Amino acid sequence: MKTILITGAGSGLGAELAKQWATKGHHVVLIGRTKQKLESIDKEIKDNKGICSIYECDITNPKELKKLKQAMDRDNLQIHMLVNNAGSGTFGALEDITISDIHKVIDTNVKGTIFATQTFLPTLKSMEGRIMNIISTAGLKGKNHETVYVASKYAIRGFTESLWKELEGTGVSATAVYMGGMNTPFWANSDHINDVSRLKSPFEKALQIIEEDEGQNEIFIDR
Ligand SMILES: NC(=O)c1ccc[n+]([C@@H]2O[C@H](COP(=O)([O-])OP(=O)(O)OC[C@H]3O[C@@H](n4cnc5c(N)ncnc54)[C@H](OP(=O)(O)O)[C@@H]3O)[C@@H](O)[C@H]2O)c1
């Protein structure tokens, strides 16, 4: 049994990964900003006899991450795996994207992933653990009306590839995961995709990620 921390686990892909890893006997630790969403996934997992812990934390805030780590230390929770999944998007012509949305996407997708990794790296080193970064096909190629989102995902691709080098010999590995569109709340405030219901479900993508995961550096669900 491994202990797996998943950021942004109150909905979408993070919640599905949590549920599926829990059915395999792992202890999943769910992180997000909205207590009710975390509680609802926690209940589902526990109703299915899974082991789950939840903590509210905004990953864009290093002080909250520090408090999260302290709370987990108090609860004797040492993680084997950090899944940087929390993310947000902003779409449309660059001139129309607000400054606040640019900050939100870069703060969440880029800085949040970096801060969370920095916070848990000492633990992961002591556990010879793993980092899994949920990127997107937006980390593989440029896309129309996705400038800021694509920039954020390329950043995390670069971050992950640099971790491969920096973590050589430490026992810690890092995996970049690339997948295309999913029907999740991610698209709730956007008309960028015509028919979100035609996208694959996060359940299917989580299943594919877990099935294809053999600890390799990269997992390509879609290209
Ligand atoms: N949906 C797609 O088509 C698609 C395709 C490829 C890749 N992805 C990537 O997959 C990942 C998961 O996205 P999803 O589609 O499952 O979307 P989602 O359902 O919106 O999930 C994202 C989660 O992140 C959490 N979150 C956002 N900001 C946060 C913060 N500052 N601190 C902590 N948690 C935060 C949100 O919960 P709270 O608001 O409650 O904190 C939410 O539960 C993202 O990295 C996304 O870029 C999505």
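**Loops, cores and the ligand**

Analyst: His 145 is partly exposed, because its relative accessible area is 37%. Please note that this is a predicted model.

User: Where is His 145 found, and what is its phi?

Analyst: His 145 is found in the loop between β5 and α5. Although His 145 is not a glycine, its phi is positive, at about 60 degrees.

User: Is Glu 128 buried or exposed?

Analyst: Glu 128 sits in the loop between α4 and β5 (130-134). Its phi is positive, about 50 degrees, although Glu 128 is not a glycine. A residue counts as exposed when its relative accessible area is over 50%. Glu 128 has 59% relative accessibility, so it is classed as exposed.

User: Is Ser 136 buried or exposed?

Analyst: Ser 136 belongs to the loop between β5 and α5. The limit for a buried residue is under 20% relative accessible area. Because the relative accessibility of Ser 136 is 8%, this residue counts as buried.

User: Which element gives the most residues to the largest nonpolar core?

Analyst: This core has 29 residues, and those touching the most other members are Leu 5, Tyr 55, Leu 68, Met 72, Phe 120 and Ile 131. Two or more residues come from each of β2 (27-32), α3 (62-74), α4 (99-127), α5 (147-166) and β6 (173-178). The element that gives the most, with five residues, is α4.

User: Which residues does Leu 68 touch, not counting residues up to four places away in sequence?

Analyst: In soluble globular proteins, nonpolar side chains tend to be buried together. Leu 68 is one of the residues that touch the most other members of the largest nonpolar core. Not counting residues up to four places away in sequence, the residues it touches are Ile 31, Tyr 55, Cys 57 and Phe 120.

User: How many residues are in the second, separate core?

Analyst: Among the members of the second core are Ile 4, Ala 9, Val 83 and Met 132. This separate core has 27 residues.

User: How wide an arc do the buried residues of α6 cover around the axis?

Analyst: In helix α6 (residues 202-212), the buried residues are Pro 202, Lys 205, Ala 206, Ile 209 and Ile 210. They lie on the same side of α6, because the arc they cover around the axis is only 130 degrees.

User: What covers the buried residues of α6?

Analyst: Helix α6 spans residues 202-212. The cover over its buried residues includes α1 (12-23), β5, β6 and β7 (218-220).

User: Which elements give two or more residues to the shell around the ligand?

Analyst: The shell has 30 residues, with Tyr 149 among the closest. The elements that give two or more residues to it are α1 and α5.

Notes:
Residues are numbered from 1 along each chain as its sequence is written. This is a predicted model: local features need pLDDT of at least 70, side-chain atom pairs count only at pLDDT 80 or more; totals for chains, interfaces and linings use all residues. Side-chain values use heavy atoms; hydrogens and water are left out. A nonpolar core is a set of buried Ala, Val, Leu, Ile, Met, Phe, Trp, Tyr and Cys residues joined through side-chain atoms within 4.5 Å. Buried means under 20% relative accessible area, exposed over 50%, partly exposed in between (1.4 Å probe, protein chains only). Helices (H or I, at least four residues) and strands (E, at least two) are DSSP runs, numbered from the N terminus. Contact means heavy atoms within 4.5 Å. The arc is that of the directions from the helix axis to the C-beta atoms. A residue is near a molecule or strand if one of its heavy atoms lies within 4 Å of it.
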